[in-house]
Amino acid sequence: MTSVQSGSFWQHFQSYLDDEILIKKLLLSHDPDRRRLNSEMLLSAVENIVFHATASEDLVSDKPVNANFKSNISNIELIESPEPLMHTIYKIAHEMLCKSPGKEDLHTRTMASFDLLGSHRWGAKAALALAAFAISYGEFSLLMQLRPHIPLAVSIANFKQIPSNMSMLKPQMKALRSLSKTMVDLTKCIIEFEALPLVHVGPDMEDLAVIKPKIYVTAYWIIRSTLVCSFQIKSLMAMKPEQVYSNITIAAWELLSLDNRLSSIYSHLRPQVDAFRRQTEAKMHQKLLSLFKKSHIDNQDVLQMLFALKDDLPLKDCSTQEKLGVSALKSKVVLLLISKPDLLPFEQLFFLVNQTYDHPHNDKTEGSYAIIWVPISFYEAWIDTEQKWFDFISNSMPCYLVRQPWSLNSAVVNFMKQEWNYGGEAIMVVLDSEGMITNLNALDMVFIWGSKAYPFSLSRENELWDGEKWKMQLITNEIHPILTQWVTY
């Protein structure tokens with residue numbers, strides 16, 4: 001072995017030992033409880049801030065900023081937590097901004113942040129740290145954006161002694177922009193990995209043993225980077241004029257160095273997470289196929305697999321706005337109304353409600369069945385227009401619906417498309433009280449007979465057609481009791 005090879009080997013070995021020690025320390029701080037954060041939505045909100053902040057760093061462009069983001073911080077849930085979401089974020093921001101880096105080294109402060117976030121999962125830790133950083137980053141960028149136009153912004157910037165020659169900040173801001181994007185991309189990797197239904201599919205334990213330690217180390221470097229970025233923004237205030245050039249050069253180099261490290265981690269982690277996801281989704285697909293071939297005592301296993309992989313209360317009763325678990329559907333026939341987020345044209349939607357909830361026959365079947373609206377995005381990810389349609393319709397529907405349809409497992413969505421032939425046109429898949437599929441599309445059946453078609457199976461449809469006589473009463477279908485008499489006049 002040459003001296004160069006020997007040096008490379010020992011360097012790699014030392015790095016491996018350092019990571020092993022770091023992982024043990026990180027796991028000691030990791031003690032997740034039952035609290036759950038919608039990390040994906042929080043990260044989307046962070047992206048919103050970063051997008052607008054970096055779009056204004058020309059510094060400052062007068063061009064309008066256009067973006068389509070669905071996340072609203074007020075809609076992001078932190079379930080079973082003793083404190084509100086913003087309280088948690090502000091505590092992290094305090095850790096980032098209010099402690100002097102001179103008193104503790106960066107690693108110690110990073111580990112202190114992990115102690116603070118010990119009750120959360122790895123993706124939530126990274127997303128919360130990024131949210132705390134995004135607040136200070138966004139406020140600074142907003143101040144710079146308004147400075148040329150609003151006297152108040154000028155006064156505040158002068159009061160904080162932010163350099164007036166903003167062109168000098170461009171190298172640092174460019175490095176900050178690049179590092180922010182890399183941190184967001186890495187956090188997405190962690191969140192995607194944790195969202196995989198590993199408990200339900202029995203993952204390859206060897207692959208899992210390889211990828212998990214990388215997730216821990218990645219979370220460490222994300223949070224460490226947020227501390228550096230936050231401190232740099234803080235340091236821009238009250239900087240002495242003679243220090244500006246040298247400090248900005250050093251700061252830009254530090255950010256670029258971190259960005260290179262995180263980009264290297266990303267180049268290895270992203271392919272591994274993608275491969276692991278494909279493997280898991282293939283297993284999930286097979287498990288769903290198997291599940292629908294078996295007989296069950298009730299429908300709970302099936303509904304759990306379809307809707308409750310990420311959330312114990314995945315459904316909502318639109319009439320009461322109550323959050324529900326799949327246990328609310330036990331012993332019921334379940335009609336899955338699968339559609340785009342804009343559902344149906346209003347006249348069809350009105351008629352569907354009339355045929356089910358307002359139908360004269362409904363008194364006999366009330367409580368025996370339930371309709372669940374399952375909206376599926378037309379795109380790879382939900383867009384703002386779809387979110388608005390969903391919010392609008394979900395407040396006026398009398399049925400149940402999937403409360404956060406954008407969180408449905410991708411394997412479940414693909415299963416519905418491939419096995420149930422959902423291609424964008426609304427369908428209504430019927431599950432009996434034991435979770436077995438009895439009709440792959442009962443929508444026309446419901447339009448014609450309404451709740452009289454209960455239990456909405458194919459055999460019931462054949463029975464109804466056999467019993468019908470082709471006369472005006474079939475066409476009017478009890479729309480008005482004397483309508484048939486009018487036609488004879």
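Begin the tour by selecting helix 3 and helix 4, whose crossing is right-handed. This is a predicted model, and in it the axes of helix 3, residues 85–97, and helix 4, residues 106–116, come within 10 Å and cross at roughly 170 degrees. Since angles over 145 degrees count as roughly antiparallel, helix 3 is therefore roughly antiparallel to helix 4.

Next, select helix 7, which covers residues 170–195, together with helix 9, which covers residues 205–235; the two pack at an angle of about 150 degrees, with their axes 10 Å apart. That angle makes helix 7 roughly antiparallel to helix 9, while the crossing of helix 7 and helix 9 is left-handed.

Now display aromatic side chains, for which a search of the whole structure finds 19 pairs. Selecting Phe114, Trp122, Tyr216, Tyr220 and Trp221 brings up a cluster that is linked by ring pairs. If lysine 125 is shown beside tryptophan 122, the charged end of lysine 125 is found over the ring of tryptophan 122, at 5.0 Å from its centre. Likewise, if arginine 261 is shown beside tryptophan 221, the charged end of arginine 261 sits over that ring, 4.0 Å from its centre.

Move on to phenylalanine 390 and tryptophan 406, whose ring centres are 5.7 Å apart and whose planes stand at 85 degrees, so that the pair is edge-to-face. Phenylalanine 390 belongs to helix 14, residues 384–394, whereas tryptophan 406 is in the loop between strand 7 and helix 15 (410–419), so the pair ties together parts that are 16 residues apart in sequence. Phenylalanine 390 counts as buried, at 3% relative accessibility, and tryptophan 406 is also buried, with a relative accessible area of 14%.

Another edge-to-face pair can be brought up by selecting tyrosine 454 and phenylalanine 456, with ring centres 6.0 Å apart and planes at 90 degrees. Here tyrosine 454 counts as partly exposed, at 27% relative accessibility, but phenylalanine 456 is buried, with a relative accessible area of 0%.

Switch to a cartoon view for the sheet, an open one of seven strands in the order 4-3-7-6-5-8-9, with mixed pairing. Strand 4 (322–324) and strand 9 (437–439) stand at the edges, and because each has a single partner strand, one side of each is left without a neighbour in the sheet. Looking along the sheet, neighbouring strands are turned by 30 degrees against each other on average, direction ignored. Within the sheet, select residues 369–375 for strand 6 and residues 400–402 for strand 7, which run parallel and are joined by two bridges.

Finish at serine 319, which is placed in the loop between strand 3 (315–317) and strand 4. Serine 319 is exposed, with a relative accessible area of 54%.

Technical notes: Residues are numbered from 1 along each chain as its sequence is written. This is a predicted model: local features need pLDDT of at least 70, side-chain atom pairs count only at pLDDT 80 or more; totals for chains, interfaces and linings use all residues. Side-chain values use heavy atoms; hydrogens and water are left out. Two strands pair if DSSP finds at least two bridges between them. Helices (H or I, at least four residues) and strands (E, at least two) are DSSP runs, numbered from the N terminus. Axes are lines fitted to C-alpha atoms, for helices over the stretch in contact, and angles run from 0 to 180 degrees between N-to-C directions. Rings of Phe, Tyr and Trp (its six-membered ring) pair if their centres lie within 6.5 Å; planes under 30 degrees apart count as stacked, over 60 as edge-to-face and the rest as tilted. Buried means under 20% relative accessible area, exposed over 50%, partly exposed in between (1.4 Å probe, protein chains only). A charge sits over a ring if NZ of Lys or CZ of Arg is within 6 Å of the ring centre and within 35 degrees of the ring normal. Angles under 35 degrees count as roughly parallel, over 145 as roughly antiparallel, 65 to 115 as roughly perpendicular and the rest as oblique. A crossing is left-handed if the near helix is turned anticlockwise from the far one by less than a right angle, and right-handed if clockwise.
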